Each structure stands twice: as C-alpha cells, then as structure tokens.
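Thanks, everyone. Please have the view open.

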Amino acid sequence: MKKGLWKSLKQKSLGRGLLLGAMVLNLLFVSGCGQSASAPTDTKSQSVELKLAHFFPATHPAEKELIQPWAKAIESATEGRVKITSYPGQTLSQADATYDGVINGISDMGLSCFSYTRGNFPVLEVFELPGIKYVNSKAASKVAWEGIKQINPKEVQDTKLMMVFTTGPGDLYTKEPVRGLKDLKGLEIRATGLSAKSLAALGASPVAMAQSEAYESLSKGVVKGNLGPIEVLQGWKQAEVTKYLTLTPFLYNNLFYITMNLDKWNSLTPEDQKAIEAVNEKFFNEVAMGLWDKQNEAALKYAVDEKGMEVINLPQEEQEQWMSLVKPIQDEFIAQMKQKGQNGQEILDKVKSLADQYNKEFQ
C-alpha cells in the first residue's frame, strides 16, 4: 500500500516538473527569440528629414508664402515624422540642375521650372505654348495640374510630383509703345525658350539673357523691352526702365514644379503619404495656383500708380493676327509628339479644353 502511494506521488511530482519545465522554456522563448516573433518594428515610421532645393531668394513669396508654411503643415500632418528643410537661392542645386539633383539624391525635393531643361519634358511644353490664352495664374496652374494628372506623361514618373503651378500670362514691357505688329517689327526684346520663338514669329528680335541682366540692358538700351510676368516690373524693378505695358495673355506661361525623390517617397508609410498628399492639395488650391496673381496685381498697381506706365490692350482683331502667326509653333509641337509616338493633337486639344473651362471659372 505504501509502495503504491509512493509511486503515485512520484508520478505527480514528475508531472509538475515537466509542466514547470515547459513554462520555463516558454518564458525563455518569449524573452529571447520571442522578440523577433513579436510585432516587427516598422522602420518606415521613423522620422525622415528632407532637403528641398530651389533657386528663389529667401525673401521671395515662393519661399515665404508657399514653401515654409507648406513644410510646417507636412510636419504637423505627419506628427513630426517628416521634416523639410528648404535651401533657397541655389545653395544646394542650380536652377537647371534641380530636377536631376532630386533624381540623383543631391536633394530629396526640388522646386524649379521645367523650361530650364528644355527637351527633357517634351509633353509638358504644351502648357507653355503660345496661342493659348490664360486669364491668370490660377487658371493656368489648374490647367497644368489637372492636365498632367490626365495625360500622366512618362517624363515625370521618375520622381513624385507634389504639385505644379505657373506664372500665368506674361506681357510685353517696352520703352516704346507696342500697339500692333508694326510696332513690334525688329524690336529687340529680352526672351528665352518658347517665348523667343514666339517673338521671332511675330517679327521681333528676341535677345536671350537672364532676368537678372534685363534691368541693366533695358536701362542702357541694349534691349527695348522684355516678355514675362507682370511681377518683374516691381520684383526686378523693370518699371523703372520701361514705359509701356502691352497685355499679351497668349504669348507666355512658365511652369514650375515641386517634386520628390521617388525612393524617399516610397520609404514613407502609406499613412504619411496620404497625409502629405492632402497637404499638397490644400496648398496648391489655397496658395500655389494663385501665388503669381498676388505678385502680378501688386506689381501692376506699382507700375501704373507709382511709375506711370501706360497699359495697352490689343484690339481683338490684332490679337487674332498675332495668334495666327504663332500657330506654327503649336504645329511643330504636334509633329514632335508624333515622332515620339504621342498624339500631340489630342494633348493640345485637351489643354485648350481645360483652358476654356478654367478661364471661365477663374476670370
């Protein structure tokens, strides 16, 4: 009897030992290799610091009214996980090297003009073609951003576009009045890129130079005028060296971009990406697409009220004549697109349709 009781007690003790041993092994597993079995740490949720390069001076509205508030809004929307530091004044990348700098990781983000590297963005040249009227920068910016979303050109898929926006229509600022084509014939006008081609088609003599050189050239009579957004009359003081402003809303439009390195973008969590895109949309609609309108309006008031510039409106018949002369530049775009296997006519028609729509909405 005692022997059977002893055997029973041994069996119970052994059972308790095995149970205790299993519990110890389980604790060892949890505290040791169990760390890799628990929920993995998502490295994408860690803080990311991004460098943004652009060519505008630190005092420019593009920096003060757009970039700085936009960067703060992104930091807030991502709860501090995404921080952007701006490097204005070409301190990180030259204006014409900004896009490549973003691709190559010299900067994480960049703001510049597509036209500074003409030929690299052939489809996007449609938004700067002469012969398409824009009532202001709001309309032109909306056309460009909606158009890019619809066309989705391959040439900008190597980065993540945050937004695009434009100067809107540019005008002629001259030392002598330009009231028609006869006044423009042979006149030396500062212009670059497609603007220069447009002026040449109209009979003027375009002279290529940086905007920073235009004031001195105008003051010395090297050139007799300039083609660009009205803001240069105040921002670049060109109202001091010109007397006449001829409105030409079909000759000029300059397209800017803010874009991000694709690998950096893909390293962010879907939640942070969604938060950033919401901030982008808000700042595009509330700040970027009308940024040049504010500058243009202030500059026009300054030029007329303080500097006494005369504003010239071309008669409708005169405008149509000018537009017929620059139409071959549109035809050239269509031909170039065909060579690249693209339907240039369809692209151009889409942009013209969007221009009609948003000109009505924002006039």
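**The chain as a whole**

Of the 363 residues of the chain, 48% count as buried. Keep in mind that this is a predicted model. The chain holds 14 helices and eleven strands. Now the contacts with a separation of 6 or more: 78% of them join residues 24 or more positions apart.

**Helix 3**

Start with helix 3, residues 61-77. How far does helix 3 reach from its first C-alpha to its last? The span is 23 Å over 17 residues. That is close to the 24 Å expected at 1.5 Å a residue.

Helix 3 also has a kink, of about 30°, at Ile 67. The kink comes shortly before a proline, Pro 69. Ile 67 itself is on the buried list for helix 3. After the helix comes Glu 79, with a positive phi near 55°.

What does helix 3 meet in helix 12? Helix 12 is residues 291-306, and the two axes come within 11 Å. They cross at roughly 145°, and the crossing is right-handed. On the helix 3 side, the contact residues are Pro 61, Ala 62, Glu 65 and Leu 66. They meet Leu 291, Lys 294 and Gln 295 of helix 12.

Two packed helices are described by the angle between their axes and the distance between the axes.

Helix 7 spans residues 193-201, and helix 13 spans residues 316-339. Their axes lie 8 Å apart, at an angle of about 135°. The cut-off for roughly antiparallel is over 145 degrees, so helix 7 and helix 13 are oblique to each other. Their crossing is right-handed. Helix 7 brings Leu 194, Lys 197, Ser 198 and Ala 201 to the contact. Helix 13 brings Leu 325, Val 326, Ile 329 and Glu 332.

Which residues of helix 7 are buried? Leu 194, Ser 195, Ala 196, Ser 198 and Leu 199. Just past helix 7, Gly 203 has a positive phi of about 100°.

**Helix 5 on helix 14**

Next pair: helix 5, residues 137-151, and helix 14, residues 344-362. The axes come within 9 Å and cross at roughly 140°. Helix 5 is therefore oblique to helix 14. Here too the crossing is right-handed. From helix 5, the contact includes Lys 138, Ala 139, Lys 142 and Val 143. Among their counterparts in helix 14 are Leu 354, Ala 355, Tyr 358 and Phe 362.

**Val 48**

Last stop: strand 1, residues 48-54, which contains Val 48. Is Val 48 buried or exposed? Val 48 is buried, because its relative accessible area is 12%. Leaving out residues up to four places away in sequence, Val 48 touches Arg 81, Val 82, Lys 83 and Leu 268. Look at Lys 83 in particular. Lys 83 is 35 residues from Val 48 along the chain, yet their C-alpha atoms are separated by 6.2 Å.

That's my tour. Over to you.

Technical notes
Residues numbered from 1 in each chain as written. Predicted model: local features only at pLDDT ≥ 70, side-chain atom pairs only at ≥ 80, totals over all residues. Heavy atoms only, no water. Helix = DSSP H or I, 4+ residues; strand = E, 2+ residues; numbered from the N terminus. Expected span 1.5 Å × (residues − 1). Bend = angle between axes of the 7 residues up to and from the residue. Buried < 20%, exposed > 50% of the residue type's maximum accessible area, 1.4 Å probe, protein only. Axes fitted to C-alpha atoms, helices over the stretch in contact; angles between N-to-C directions. Parallel < 35°, antiparallel > 145°, perpendicular 65-115°, else oblique. Left-handed = near helix turned anticlockwise from the far one by under 90°. Contact = heavy atoms within 4.5 Å.
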